[in-house]
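Have the picture open while you read.

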Amino acid sequence: MRKRYIIEVIESNQLTVLCPPALLKDKELKKIAFGSKSIEVDFLPHPDEKENRIVISKGIQGAIYFPDFSIPLHIFIENQVLFIGPLIGIFTAGFTPFPLRPIGERSSFFSKLLSVKKTVGALPFVFGEQHIDWEQGTMKGYFFQENNWKIIEIPFPNVIYDRLPNRKSERNPKLIKVKERLQKDYLIPWYNPGFFNKLDINERLLQDPKVAEYLPETHPFTSFSVIEAMLSRYGHIYIKPINGSLGLGVHQIIYDKKQNDYFCRYQDREGVNRLRKFSTVEGLFKMVFANQNLDRMLVQQGIHLLRHESRSIDFRVHTNKDDLGNWHVTAIAAKIAGAGSVTTHLRSGGETKTIAEIFSQDDCELYSEKLSHAALLLSEAIGKNMEGIIGEIGFDLGLDKDGRVWLFEANSKPGRSIFSHPELKHFDLLTRKLSIAFAVFLTEQSILYPEELFK
């Protein structure tokens, strides 16, 4: 357990830092640093021998742009420098001019995310590309303090957590440039760097023998013959956008061998769940997929899932890395498909339940164990096989009627709709806490073992 210290600011311009005597034992310190700013100072033992307090002057506070929130923070010592923090930048887009809702509808989510600062021992803030002063090496950071948003000038952070809202912002050349500059020129670790591509994830995980068994057969859309062959094997398939989210654009195609008919279940543009019958695959595609770019679609094996009250069930499983860099399962919820819906998403009439609400105690324990085991193996495999630093994943997993686990989707920016369920609210706090706590681990790694992190 790392020790945390209150950083006390006193009225003085002296460049002297008072530290607990144990902190200075056998160490020669010359600088104090906060984020990207540092200053040479004198270190003296605190005369009162206070164990958990580091005292700095107003002069030092101004030089390193330290905001005084009276929160116990971590310290790291390397190369005669005492680092206080960590300072964690959360990078996003979509800022507004409104003080009460500076990040629009997502302001509430970010205020909750920042509220874990005291329990984690860190200073997280939100920023966008327009808030960076490259010449001064500072940023205008949005902090949430005492139920209000405050804009404070601070140094470049120790670590950056990527919370860009969508693929469009991720492809923005200006934002790409900012990302590259902060990582390459300033060597700032950047975690959860991008949205996953379903085919890319599938191809990489297929190469890993530990997790290949969880993957349904998946192919890019190339021809009707692939669809016919998969329908013959599995009876039903799914067609999904390679870069889709929220269940948008998902179609289920079912083949009735007896009647030699094809059925397509999907949600139309008005949000109505449809089930339509066709005599040929070609006719189905001509009618349902008119004006759609099939090159951006994938074809996936259909699974005969566990059901509840005749409706399909899948599971959302969240995993997070902690402040030691280890993966944990932080939430599991069952999602039940809406009547006539092709997916279990809430927007299509789906429901969120706890596993205990729909299964017996024995099944609940068995399924939770299977899903957790699979999610942890998949998290390790994705972390190992994907570029960048990944600290959280939201999995959509299925269990078939034989109890086998299947991976439908992995999300690097998982939605949080499951946490609206009253019995899942405490998992909401845990996922937020660990998503920030992981930055403490990354800060420590970047200071003490940079060659490991940037290899």
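## Cysteines and bonds

A disulfide is a pair of cysteine sulfur atoms within 2.5 Å. By that rule, this structure holds 0 disulfides. Keep in mind that you're looking at a predicted model.

## The whole chain

Now step back and look at the overall picture. The chain has 13 helices and 27 strands, and its C-alpha atoms fill a box of roughly 90 × 50 × 40 Å along the principal axes. Of its 455 residues, 54% count as buried. If you take the contacts with a separation of 6 or more, 67% of them come from residues 24 or more positions apart.

What about the outside? The chain exposes about 21,500 Å², and carbon and sulfur atoms supply 49% of that area. On the charge side, there are 58 positive and 55 negative side chains, with the centres of the two sets 5 Å apart.

## Helix α11

Go to residues 361-385 and you'll find helix α11, with 25 residues. From first C-alpha to last it reaches 36 Å, close to the 36 Å expected at 1.5 Å a residue.

An α-helix has 3.6 residues a turn, so residues three or four places apart point the same way.

## Helix α12

Next comes helix α12, at residues 425-448. It has 24 residues and spans 36 Å from its first C-alpha to its last, close to the 34 Å expected at 1.5 Å a residue. How many of its residues are buried? The count is 17 of the 24, so α12 is largely enclosed by the rest of the structure.

Glu8 lies in strand β1, residues 4-10, and at 26% relative accessibility it counts as partly exposed. Its C-alpha is separated by 9.6 Å from that of Ile71, which is 63 residues away along the chain. Leaving out residues up to four places away in sequence, Glu8 touches Arg53, Ile54, Val55 and Ile56.

Asp200 belongs to helix α7, residues 198-206, and is partly exposed, at 24%. Asp200 and Gly391 are 191 residues apart in sequence, with 19 Å between their C-alpha atoms. Then there's Leu100, in the loop between β9 (87-91) and α3 (107-114). Leu100 is exposed, with a relative accessible area of 71%. From Leu100 to Arg274 it's 174 residues in sequence and 41 Å in space, C-alpha to C-alpha.

Most residues other than glycine have a negative phi, and most peptide bonds are trans. With that in mind, check out a few places in this chain. The peptide bond from Gly85 to Pro86 is cis, with omega near 0 degrees. You'll find Pro86 in the loop between β8 (81-85) and β9.

Which way does phi go at Asn79, positive or negative? Phi of Asn79 is positive, near 50 degrees, in a residue other than glycine. Asn79 sits in the loop between β7 (73-78) and β8 and counts as exposed, at 66% relative accessibility. Asn260 isn't a glycine either, and has a positive phi of about 60 degrees. Look for Asn260 in the loop between β18 (251-256) and β19 (261-267). At 42% relative accessibility, Asn260 counts as partly exposed.

Key:
Residues are numbered from 1 along each chain as its sequence is written. This is a predicted model: local features need pLDDT of at least 70, side-chain atom pairs count only at pLDDT 80 or more; totals for chains, interfaces and linings use all residues. Side-chain values use heavy atoms; hydrogens and water are left out. Helices (H or I, at least four residues) and strands (E, at least two) are DSSP runs, numbered from the N terminus. The expected span of a helix is 1.5 Å times one less than its number of residues. Buried means under 20% relative accessible area, exposed over 50%, partly exposed in between (1.4 Å probe, protein chains only). Contact means heavy atoms within 4.5 Å. Accessible areas come from the Shrake-Rupley method with a 1.4 Å probe; for residues, only the protein chains shown count as cover. Lys and Arg count as positive and Asp and Glu as negative; His and the chain ends are not counted. The place of a charge is taken as NZ of Lys, CZ of Arg, CG of Asp or CD of Glu.
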